[in-house]
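Please look through the sequence and the three-dimensional model shown here before reading on. The report below goes with them.

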Amino acid sequence: MRVILITTVLSGLPSSALAIPDAKAGKTIYASNCQGCHGNMGQGNVGPALAGEVAGWKYAWFKRAMLQSLDDKGVKLKAPMPLWGKRGFGDTGKPPTDAQMTNLQAYLKTFKTK
């Protein structure tokens, strides 16, 4: 009975909620979409540093920043960050998926702060 209940509960979750974040895939996403503004190791450049505080945000905050350009407090980001929710990653024209964002966040967590 417990196995059926667990299976039923898990089957209702999106597959991205069950996937293990892949920092290697996140590195590819970062290189293609973020590195030009945030630096090769998230140290900041045209855009602010991502290493440190941002890398440690709760996923909901990170997703909100990516899709709505709002920070962890719900305040509009100061830097002119692309609105990925409308523009999409690469040439897809589609917003990044939860899997892409969790992979990207996993990669950001590999950055070391000074």
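The sections that follow describe the chain as a whole, then its core, its helices and its charged pairs.

## About the model

This is a predicted model, in which local features need pLDDT of at least 70 and side-chain atom pairs count only at pLDDT 80 or more, while totals for chains, interfaces and linings use all residues. Residues are numbered from 1 along each chain as its sequence is written, and side-chain values use heavy atoms, with hydrogens and water left out.

## The chain as a whole

The secondary structure comes to seven helices and zero strands, where helices (H or I, at least four residues) and strands (E, at least two) are DSSP runs numbered from the N terminus. Read from the N terminus on, the elements therefore run α-α-α-α-α-α-α.

Of the 114 residues in the chain, 32% count as buried; here buried means under 20% relative accessible area, exposed means over 50%, and partly exposed lies in between, with a 1.4 Å probe and protein chains only. The accessible surface comes to about 7,600 Å², and 61% of this surface belongs to carbon and sulfur atoms; such areas come from the Shrake-Rupley method with a 1.4 Å probe, and for residues only the protein chains shown count as cover. Among contacts (heavy atoms within 4.5 Å) between residues at least 6 apart in sequence, 48% join residues at least 24 apart.

## The nonpolar core

In soluble globular proteins, nonpolar side chains tend to be buried together. The largest nonpolar core in this model has 18 residues, and those with the most contacts inside this core are Tyr-30, Phe-62, Met-66, Phe-89, Leu-104, Leu-108 and Phe-111. The term stands for a set of buried Ala, Val, Leu, Ile, Met, Phe, Trp, Tyr and Cys residues joined through side-chain atoms within 4.5 Å. Helix H3 (23-33), H5 and H7 each supply at least two residues of this core, and H7 gives the most, with four residues.

Leaving aside neighbours within four places in sequence, Phe-111 is in contact with Tyr-30, Asn-40, Met-41, Gly-42 and Ala-51. Tyr-30 is also touched by Gly-39, which, not counting residues up to four places away in sequence, touches Gly-44 and Asn-45 as well. Gly-39 lies in the loop between H4 and H5 and counts as buried, at 5% relative accessibility.

An α-helix has 3.6 residues a turn, so residues three or four places apart point the same way. In H3, the residues Gly-26, Ile-29, Tyr-30 and Asn-33 are buried, and seen down the axis of H3 they fall within an arc of 100 degrees, so they line one face of the helix; the arc is that of the directions from the helix axis to the C-beta atoms. The face of H3 turned away from this buried side carries the exposed residues Lys-24, Thr-28 and Ser-32. Cover for the buried residues of H3 includes helix H4 (35-38), helix H6 (84-87) and H7.

H7, by comparison, is mostly covered, since eight of its eleven residues are buried, including Met-101, Leu-104 and Leu-108; what covers them includes H3 and H5.

## Charged pairs

Side chains of opposite charge can pair when their charged atoms come close. The structure holds two salt bridges, each being a side-chain nitrogen of Lys or Arg within 4 Å of a carboxyl oxygen of Asp or Glu. In one of them, the side chains of Asp-98 and Lys-63 meet at 3.1 Å, N to O. This pair links distant parts of the chain, with Asp-98 in helix H7 (residues 98-108) and Lys-63 in helix H5 (residues 59-68), 35 residues apart. Asp-98 is partly exposed, with a relative accessible area of 25%, and Lys-63 is partly exposed at 28%.

In another salt bridge, Lys-73 pairs with Asp-72, and their closest N and O atoms are 3.5 Å apart. Lys-73 is exposed, with a relative accessible area of 65%, whereas Asp-72 counts as buried at 15%.
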